[in-house]
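Welcome! Take a moment to look over the chain before you, and then let us walk through it together.

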Amino acid sequence: MEIRQLRYFVTVAEEANFTRAAQRLHLAQPGLSAQIRQLERELGQPLLDRSGRTVTLTAAGAAVLPHARAALAAAQQVSFTVDEFTGLLRGQVRVGLISGAATEEFDVAAVLSAFHRDHPQVGITLTEDTTEKMLAALVHGELDIALIGLTGDDLDRRLGVDIIFETPLAAAVARDDDEFGDRIALTELRERSLICLPRGTGIRGVLEHCCAAAGFTPRIEFEAAAPALLVRLAAGGLGIAVAPALSAEQAAAAGVRMVEITEPRMHGQLALAWRSDRPASPAAKVLLGQLRIALGRAKALLR
């Protein structure tokens with residue numbers, strides 16, 4: 001029995017599908033299947049039931065799964081302990097980031113750059129994605145740290161979260177649109193063409209939760225990956241953008257007017273997330289600490 005076989009087994013169990021597991025592990029599916037069958041032969045019991053549309057655990061597989069996870073965690077901790085003992089920072093740290101989060105106020109690039117200068121032996125992988133996908137990647141061990149927008153959904157209990165910033169959401173309308181005053185109730189947007197971030201993002205999740213509570217589904221006619229583009233689309237008269245509120249000066253420069261949304265007021269929350277139920281690598285610990293300090297400092301300056 002090899003550690004890699006246990007990792008393969010755990011991945012297939014989590015994905016309930018050999019194809020997705022092979023993609024996640026960057027393996028060919030036949031090779032993955034062969035390794036799992038070899039593990040089953042060594043144990044003398046089938047661990048996975050392949051007869052249905054999805055792969056499920058057999059009774060033996062369900063009993064083995066927590067021990068396999070514990071073995072993987074223990075093997076990883078051996079490496080981490082040696083690194084901490086010798087004072088080394090090496091390996092790879094995988095960071096996820098929502099689109100538009102790296103602003104002048106939250107200069108994530110500067111933090112990563114400083115970390116790289118101090119610890120050149122550590123590789124950094126940076127990806128942009130939706131909150132929903134990055135939370136799944138954290139749970140699956142594919143990311144170490146993620147800067148996310150909270151959606152209002154309950155988070156996996158295995159995740160630690162530090163809210164960095166909270167901002168009110170507002171409706172951005174074209175500057176010459178005088179249909180609305182300074183405020184609008186959320187229910188008044190029921191039949192309106194809206195512009196918002198894609199599904200799986202924090203702001204979209206907040207909007208959909210609040211609309212569901214008010215008894216309707218928002219009509220999203222246009223989607224864009226960054227809040228600044230939402231505002232530009234609204235300035236062009238394509239609809240009403242639900243986006244972080246801008247100051248009067250910022251709104252005027254962007255060609256829009258901000259209308260406060262009430263009943264209820266909505267807020268977007270930017271947060272750092274990581275797996276808190278198992279030891280992180282020394283490098284990930286250090287980078288997480290530096291991000292929390294730097295982003296916390298930026299948060300204090302914006303108050």
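A residue is called buried when its relative accessible area is under 20%, exposed when that area is over 50%, and partly exposed in between (1.4 Å probe, protein chains only). Buried residues make up 41% of the 303 residues in this chain. Please keep in mind that this is a predicted model, in which local features need pLDDT of at least 70 and side-chain atom pairs count only at pLDDT 80 or more, while totals for chains, interfaces and linings use all residues. Residues are numbered from 1 along each chain as its sequence is written, and side-chain values use heavy atoms, with hydrogens and water left out.

**Overall layout**

The chain has 10 helices and 12 strands; these are DSSP runs numbered from the N terminus, with helices (H or I) of at least four residues and strands (E) of at least two. Its C-alpha trace spans about 75 × 50 × 30 Å along the principal axes. Contact means heavy atoms within 4.5 Å. Of the contacts with a separation of 6 or more, 75% are between residues 24 or more positions apart.

**The largest pocket**

A pocket is found on a 1 Å grid over the protein atoms alone: it is an open set of points where a 1.4 Å probe fits, with protein on both sides within 12 Å along at least five of seven lines, and lining residues have an atom within 4 Å of a point. The volume, the space filled by probe spheres set on the points (joined across faces, edges and corners), is about 1,200 Å³ for the largest pocket. Of its 39 lining residues, Gln-76, Arg-94, His-140, Gly-141 and Arg-278 are the closest to the centre. The largest share of the lining, 8 residues, comes from α4. Here are the elements that each supply at least two lining residues:

| Element | Residues |
|---|---|
| α1 | residues 3–15 |
| α2 | residues 18–25 |
| α4 | residues 59–86 |
| β3 | residues 91–97 |
| β12 | residues 267–275 |
| α10 | residues 282–302 |

Why does the largest pocket lie between domain 1 and domain 2? Both domain 1 (3–67) and domain 2 (89–302) give residues to its lining, so it lies between them. The domain bounds come from an automatic or database domain assignment.

Glu-15 sits in helix α1 and is buried, with a relative accessible area of 14%. Beyond its neighbours within four places in sequence, Glu-15 is in contact with Arg-20, Ala-21, Arg-24 and His-140.

In helix α5 (residues 108–118), the residues Val-108, Val-111, Leu-112 and Phe-115 are buried. Seen down the axis of α5, these buried residues fall within an arc of 95°, so they line one face of the helix; the arc is that of the directions from the helix axis to the C-beta atoms. Ala-109 and Arg-117, on the other side of α5, are exposed.
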